[in-house]
Amino acid sequence: MKEVTKIEVQKNNPKRFNLYLDGEFFIGIGEQTLIDFKFFENKNLTEEDILSLKAREDFNYNFNRALNYLNRSMRTETELRRYMKRKEIDDALLDSICEKLKDVKMLDDKLYASLFIEEKQSANRYGKKKIEYMLRQKGVDSEIIYEALKDLDSDLDYENCLELAKKRMERMTEEDSFKKKNKLYNYLLGRGFSYDIIKDVLGELELG
């Protein structure tokens with residue numbers, strides 16, 4: 001049994017506290033852990049209490065790290081796990097953190113994929129294939145990608161390809177039509193458009 005002999009606010013962070021047991025510094029804890037355990041001076045802690053305290057503080061501290069990371073920008077679960085792994089978080093703790101983040105709607109790969117597709121198609125004018133590749137790189141599950149891409153605006157996909165092709169042609173200096181067509185095709189392919197869309201666009205531009 002150990003006695004809580006002092007609780008003091010940390011100088012550099014008013015939301016964290018130094019906890020002293022039997023007159024000696026024991027651990028730094030966050031505001032949530034302080035609330036969870038209803039700490040007050042002269043409270044006695046068993047060995048089981050101390051183990052529970054360490055586990056709860058470990059969870060709360062790393063949950064807040066994950067939350068801060070997500071607050072900067074929306075992320076996929078894979079991106080979050082990669083980030084937390086660099087912080088040397090063990091798998092069991094990371095699993096618990098991810099589950100809680102999903103419960104509070106801060107981690108949602110389906111929503112992420114939907115918003116990502118909308119942004120990349122509208123703002124960046126990327127084609128379907130490039131968007132799919134980028135989502136895979138971010139670790140989004142194949143089934144989620146497949147379902148999300150079903151909502152991709154195929155008309156906008158074509159319009160984007162056509163507009164990019166027109167702008168690209170304005171800057172091209174090749175006089176040989178074959179070279180111009182080949183160069184344009186490779187450019188549009190690199191932007192992620194399908195062969196069929198590119199073929200139709202080149203036909204509309206009389207380069208088919």
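Modeller: A residue counts as buried when its relative accessible area is under 20%. Keep that cut-off in mind as we look at this predicted model.

Colleague: Happy to! Is C161 buried or exposed?

Modeller: C161 has 0% relative accessibility, so it counts as buried. C98 is buried as well, because its relative accessibility is 0%.

Colleague: And how many disulfides are there in the whole structure?

Modeller: Zero; a search of the whole structure finds none.

Colleague: Let's turn to the helices. How are two packed helices described?

Modeller: By the angle between their axes and the distance between those axes. Take helix α3, residues 77–85, and helix α4, residues 91–103: their axes cross at roughly 140 degrees and come within 11 Å. Angles over 145 degrees would count as roughly antiparallel, and α3 and α4 are therefore oblique to each other. Their crossing is right-handed.

Colleague: Which residues of α3 and α4 meet?

Modeller: From α3 come E77, L80, R81, M84 and K85, and they meet D91, L94, D95, I97, C98, L101 and K102 of α4. By class, that contact has six nonpolar, six charged and no polar residues.

Colleague: What about α5 and α7, at what angle do they pack?

Modeller: At about 45 degrees, with the axes of α5 (residues 109–122) and α7 (residues 142–149) 9 Å apart. That angle makes α5 oblique to α7. This crossing is right-handed. In α5, D109, K110, A113 and I117 meet I144, A148 and L149 in α7. The residues of this contact divide into five nonpolar, two charged and no polar.

Technical notes:
Residues numbered from 1 in each chain as written. Predicted model: local features only at pLDDT ≥ 70, side-chain atom pairs only at ≥ 80, totals over all residues. Heavy atoms only, no water. Disulfide = S-S within 2.5 Å. Buried < 20%, exposed > 50% of the residue type's maximum accessible area, 1.4 Å probe, protein only. Axes fitted to C-alpha atoms, helices over the stretch in contact; angles between N-to-C directions. Helix = DSSP H or I, 4+ residues; strand = E, 2+ residues; numbered from the N terminus. Parallel < 35°, antiparallel > 145°, perpendicular 65-115°, else oblique. Left-handed = near helix turned anticlockwise from the far one by under 90°. Contact = heavy atoms within 4.5 Å. Nonpolar A, V, L, I, M, F, W, Y, C, P; charged D, E, K, R; others polar.
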